[in-house]
Amino acid sequence: MEDTQIIELYFQRSESAISETDHKYGAYCNTIAYNILQNSEDSEECQNDTYLKLWNTIPPTRPSNFKAFIGKITRNLALNIYEKHKAQKRGAGSVELALDELEECIPDASASIPSEDSVVTECLNSFLKSLPTQHRNIFIRRYFYMASVTEIANFFQMNESTVRVSLKRTRDKLKVFFEKEEIYL
Amino acid sequence: MKSERLMDLISEIDPELIESADIKPTKKKAAVSPVIISVLAAAACVAIIVSVGYVFLNSRNNSKNKSFDNQGITWNEINSDNKNPASAEPEKKIDVKINMVDEYGCNLSLIVNNKEDYEKYYTYGDFVLHKQTEDGDVLLTPKPIDKTKIQTIVPATDDPKGEGEIIPYIATSKEPVTLDQNETSVDIVWGYNYGDLEKGDYYITVDIYDSENGTIIQTEIPFTVE
């Protein structure tokens with residue numbers, strides 16, 4: 001079923017909206033959740049939360065890119081669950097690893113006032129659009145989808161070393177870009 | 001932590017970018033119908049017949065101008081009109097030629113067929129030395145490199161995921177590897193500075209990045225230290 005038709009089902013408050021979403025994007029949601037939570041039960045819970053959130057959000061929202069919209073919701077919910085688990089000393093450490101890596105992108109400017117969210121996001125978008133396609137996709141798979149280096153290498157049929165080098169280079173470039181644009185986090 | 005904020009904000013990036021990163025790349029494959037295959041096969045047959053005829057006639061016409069060396073192994077073309085035969089090979093924009101590779105280092109040439117394309121699109125390359133073991137690949141940590149044009153060394157990251165894998169020092173070039181005027185190739189001399197390598201099977205991967213298409217041209221150079 002086309003995305004527009006599924007969205008229409010949400011607007012009609014038809015419960016088949018959920019089953020159609022699950023049929024088309026269930027595996028997609030589960031992969032994102034599992035990449036973050038590394039636990040099947042938690043991922044399933046996150047997937048169900050995603051459907052509930054979709055049900056409550058559409059309408060009034062009518063997402064122009066339904067797949068990315070679902071991806072964002074799943075990712076945010078999974079990160080929230082991860083935070084709860086971290087407080088309870090649970091968790092697989094995959095997020096910690098990604099956070100450590102992202103620390104390399106932060107400019108050194110402790111005294112500066114943090115930039116607004118919208119400004120940082122805009123800057124991120126321009127940075128990502130300036131990258132060669134493959135480097136950009138590797139970066140997004142790692143830090144949006146939270147895929148491991150091995151999974152990314154398999155996905156793009158590349159060496160793991162090439163993926164690591166690409167990520168390292170992109171992180172370095174992002175730091176320089178933030179510094180140049182005077183973005184502080 | 002500031003990185004947590006960055007992680008949250010990555011959720012808000014452009015949906016188009018998110019979606020495009022989830023599209024699995026497929027190897028470019030031309031969809032060729034059986035009819036086209038038949039036509040191409042017929043064309044190839046005609047081309048072969050014409051070529052054989054051409055060579056036959058040419059050999060008769062030019063036999064006076066060709067001389068074999070005294071070993072009868074090679075021959076020298078005297079008639080310059082016969083140079084530059086049409087090549088069926090598609091032109092590669094960039095190629096890696098191995099001049100020498102051993103346990104101490106290697107000497108490679110990047111051969112460029114179209115200088116403008118090279119300078120516009122091929123901006124940097126990675127050169128990594130791998131050792132093959134029974135357990136799979138082990139990436140070594142050589143300390144490159146003797147060539148001024150290849151400038152940067154990315155330091156090792158020690159086993160970040162606890163998987164027993166070590167990221168090597170990698171010779172890279174942050175600045176474009178440029179060609180001088182009229183040059184069509186650039187030599188890369190890489191001394192591993194690692195002492196001599198132990199006996200075993202190794203290979204070097206050379207990744208050249210094509211910034212036009214966002215793709216990587218990868219060359220693998222296997223060699224054995226005995």
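A:Arg13 counts as exposed, with 10 C-beta neighbours inside 10 Å; a residue is exposed if 12 or fewer other C-beta atoms lie within 10 Å of its own, buried if there are 20 or more, and partly exposed in between, with C-beta atoms placed from the backbone. Although A:Arg13 is not a glycine, its phi is positive, at about 60 degrees. The residue is found in the loop between α1 and α2 of chain A; helices (H or I, at least four residues) and strands (E, at least two) are DSSP runs, numbered from the N terminus.

The model is predicted: local features need pLDDT of at least 70, side-chain atom pairs count only at pLDDT 80 or more, and totals for chains, interfaces and linings use all residues. Residues are numbered from 1 along each chain as its sequence is written, while chains are lettered from A and ligands numbered from 1 in the order in which they are written.

A:Ser14 lies in the loop between α1 (3-11) and α2 (16-37) of chain A. It counts as partly exposed, with 13 C-beta neighbours inside 10 Å. Its C-alpha atom is separated by 9.8 Å from that of A:Trp55, 41 residues apart along the chain.

A positive phi also occurs at A:Glu182, at about 55 degrees, although this residue is not a glycine. A:Glu182 is placed in the segment after α9 of chain A and is exposed, with 12 other C-beta atoms within 10 Å.

A:Glu103 belongs to helix α5 (residues 94-103) of chain A and is partly exposed, with 14 other C-beta atoms within 10 Å. The C-alpha atoms of A:Glu103 and A:Lys175, 72 residues apart along the chain, are 9.5 Å from each other.

| Cis peptide bond | Omega |
|---|---|
| A:Ile58 and A:Pro59 | about -15 degrees |
| A:Pro59 and A:Pro60 | about 10 degrees |

A:Pro59 lies in the loop between α3 (40-57) and α4 of chain A, and A:Pro60 is likewise in the loop between α3 and α4.

**Nonpolar cores**

A nonpolar core is a set of buried Ala, Val, Leu, Ile, Met, Phe, Trp, Tyr and Cys residues joined through C-beta atoms within 7 Å. The largest has 55 residues, of which A:Ala33, A:Ile36, A:Leu37, A:Ala78 and A:Phe144 touch the most other members. Helix α4 (residues 66-87) of chain A gives the most to this core, with 9 residues. At least three residues come from each of domain 1 (3-87) and domain 2 (95-181) of chain A, the bounds being those of an automatic or database domain assignment.

Leaving aside neighbours within four places in sequence, A:Phe144 is in contact with A:Arg75, B:Ile10, B:Ile13, B:Ile18 and B:Ala21; contact requires C-beta atoms, placed from the backbone, within 7 Å. A second, separate core of 11 residues includes B:Val96, B:Val112, B:Ile204 and B:Ile208.

Helices α8 (residues 149-156) and α9 (residues 160-181) of chain A pack at an angle of about 110 degrees, with their axes 9 Å apart; axes are lines fitted to C-alpha atoms, for helices over the stretch in contact, and angles run from 0 to 180 degrees between N-to-C directions. α8(A) is therefore roughly perpendicular to α9(A), a class covering 65 to 115 degrees, whereas angles under 35 count as roughly parallel, over 145 as roughly antiparallel and the rest as oblique. A:Val149, A:Thr150, A:Ile152 and A:Ala153 of α8(A) meet A:Glu160, A:Val163 and A:Arg164 of α9(A).

Chain B contains 4 helices and 11 strands. Of its 226 residues, 17% count as buried.

Key:
Two residues are in contact if their C-beta atoms, placed from the backbone, lie within 7 Å.
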